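These are my notebook entries on a structure that I had not examined before. I set down what I looked up, in the order in which I looked.

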Amino acid sequence: MQTSYDILVIGGGAAGVSAALTAVNRGKTVAVISNPVETGSIWRAEKITNYPGCPEMSGSDLALLLRRQLAESRAELITGRALSVIPMGETFGVAVENDYYSCSAVILAAGITREKLYPGEAELLGRGVSYCATCDGMLYRGKTVALIGSSEEAERDADFLRSIGCTVLAFKENLRYAVIGRDRAEALIAGDKEYPVDGVFIIKDTVSVTTLVPGLAREDNAIMTARGMTTSVPGVFAAGDCTGKPYQFAKAVGEGNVAALSACDYIDKIKEKV
Amino acid sequence: MAITHLKTADFDNAVREGVTLVDFWATWCGPCRMQAPILEALDKELQGSVKIAKVDVDEEPELAQRFGIMSIPTLLVIRDGEAADKRVGVQNAEQLKAMIG
């Protein structure tokens with residue numbers, strides 16, 4: 001499998017697929033990084049009636065159509081969560097689970113993400129708090145860890161951690177959580193109980209945008225974009241629900257298209273300079 | 001100047017003087033493969049003014065424990081034997097230079 005692309009699209013919904021289809025038409029190599037289709041917002045929509053050219057259908061049917069179209073295109077699909085985007089001069093490194101890829105431009109299209117973190121989560125990230133069991137699990141062999149998450153992935157991660165010798169306290173409910181510790185995670189507060197642990201794995205479908213792209217300008221819980229769907233980071237574009245309201249399929253598709261064309265222009269300009 | 005791979009036995013001696021940038025990595029860590037070429041390029045650029053070293057946390061668990069390594073990769077700057085700055089996650093060239101000072 002390739003590890004280097006012209007454009008990496010983070011998110012496989014309306015905006016992401018629209019962006020990918022547009023970019024491959026402009027001759028760019030593209031991969032879409034996405035979770036399984038059932039985890040996205042479109043899947044949960046009962047019916048979409050205002051997408052022009054498309055007869056009324058359920059969100060799940062529309063989501064599957066998008067996936068099929070993506071599969072039939074020259075864009076690739078990488079299943080997994082993007083964990084961080086690292087600017088490396090003229091390219092970006094994108095960590096996806098325990099792999100990494102590089103690209104010239106990034107299009108953020110991961111939809112509405114949970115930006116509010118638990119107390120202690122941001123402060124102790126990398127010091128006992130982790131978003132990725134396969135990435136950091138080996139460092140907790142023989143230790144006790146908490147795992148917060150209700151998805152199938154969270155269950156698989158809990159099994160993985162147990163298989164390598166961790167004692168796992170699994171939390172699936174929506175309780176009030178807080179991670180406490182000074183230099184490192186020492187305990188997890190869940191509801192009104194405190195559990196001493198060596199590490200806390202928080203398994204969410206998506207990593208918050210602020211964690212994914214540090215320094216990205218946001219406003220009103222959305223990524224700030226200018227004309228052409230550019231963001232405050234050159235080479236990073238954004239489209240769809242992650243850029244704010246309205247949360248509509250039609251808007252996402254349009255923004256994905258614009259973002260892709262901007263990304264293609266951006267890449268062509270870089271190549272001209274060389 | 002080349003990047004040295006440090007073991008517990010020779011660690012203290014190697015970092016005793018000057019500035020050393022230590023990369024704590026592991027064979028099972030994907031993003032570490034992103035970090036490696038960045039360090040190679042930096043090493044060429046710095047030409048020995050700063051030493052760059054790597055520690056495999058699986059082979060040297062005592063060193064990983066000593067510096068509280070809880071996520072991979074972790075980059076650590078040591079000045080004259082004392083740990084000065086620690087960053088978790090892949091660091092690009094600019095970020096590494098800021099760490100080194």
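**Entry 1: the contact between the chains**

How many residues does the contact take from chain A, and how many from chain B? I noted first that the model is a predicted one. I then found 21 residues from chain A and 18 residues from chain B in the contact.

I next looked up the area involved. The size of an interface is often expressed as the accessible area that is lost when the parts come together. For chain A and chain B I recorded about 1,600 Å² buried between them, with 63% of it on carbon and sulfur atoms.

I turned to the polar side of the contact. Eight residue pairs are in polar contact between chain A and chain B, counting pairs with both residues at pLDDT 80 or more. I also asked which elements of chain A supply the side that touches chain B. I listed β4 (82-87), β5 (92-96), β6 (99-108) and α4 (133-136) of chain A, each of which supplies at least two residues of that side. Sorted by class, the side of chain A that touches chain B has ten nonpolar, five polar and six charged residues.

**Entry 2: salt bridges**

Side chains of opposite charge can pair when their charged atoms come close. I counted two salt bridges between chain A and chain B. In a salt bridge across the contact, Arg33(B) meets Asp99(A) through their side chains, at 4.0 Å from N to O.

Over all chains, the count comes to 21 salt bridges. I looked up one that lies within chain A, where the side chains of Arg26(A) and Asp268(A) meet at 3.5 Å, N to O. This pair links distant parts of the chain, its residues being 242 apart. I located Arg26(A) in the loop between α1 and β2 (30-34) of chain A, and Asp268(A) in helix α7 of chain A.

**Entry 3: two helices of chain A**

How do the axes of α1 and α7 of chain A cross? I found that the axes of helix α1 (residues 14-25) and helix α7 (residues 249-273) of chain A come within 7 Å and cross at roughly 40°. I recorded the crossing of α1(A) and α7(A) as right-handed.

I then read off the residues that meet. From α1(A) they are Ala14(A), Ala15(A), Ser18(A), Ala19(A), Thr22(A) and Ala23(A). Among their partners in α7(A) I noted Phe249(A), Gly256(A), Leu261(A) and Cys264(A). The residues of this contact between α1(A) and α7(A) divide into ten nonpolar, four polar and no charged.

**Entry 4: the backbone**

I looked for cis peptide bonds and noted one from Lys245(A) to Pro246(A), with omega near 0°. Pro246(A) lies in the loop between β16 (236-238) and α7 of chain A. Pro73(B) lies in the loop between α3 (61-66) and β4 (74-79) of chain B.

Finally I checked for positive phi in residues other than glycine. Asn221(A) has a positive phi of about 60°, and I placed Asn221(A) in the loop between β14 (218-219) and β15 (222-223) of chain A. Gln47(B) has a positive phi near 50°; Gln47(B) is found in the loop between α2 (32-46) and β3 (51-56) of chain B.

Terms used. Residues are numbered from 1 along each chain as its sequence is written. Chains are lettered from A and ligands numbered from 1 in the order in which they are written. This is a predicted model: local features need pLDDT of at least 70, side-chain atom pairs count only at pLDDT 80 or more; totals for chains, interfaces and linings use all residues. Side-chain values use heavy atoms; hydrogens and water are left out. Contact means heavy atoms within 4.5 Å. Buried area is the accessible area (1.4 Å probe) that two parts lose on being put together, summed over both. A polar contact is a pair of N or O atoms within 3.5 Å; within protein, one must be able to donate a hydrogen and the other to accept it, and residues adjacent in sequence count only if both atoms are side-chain atoms. Helices (H or I, at least four residues) and strands (E, at least two) are DSSP runs, numbered from the N terminus. Ala, Val, Leu, Ile, Met, Phe, Trp, Tyr, Cys and Pro count as nonpolar, Asp, Glu, Lys and Arg as charged, and the others, Gly among them, as polar. Axes are lines fitted to C-alpha atoms, for helices over the stretch in contact, and angles run from 0 to 180 degrees between N-to-C directions. A crossing is left-handed if the near helix is turned anticlockwise from the far one by less than a right angle, and right-handed if clockwise.
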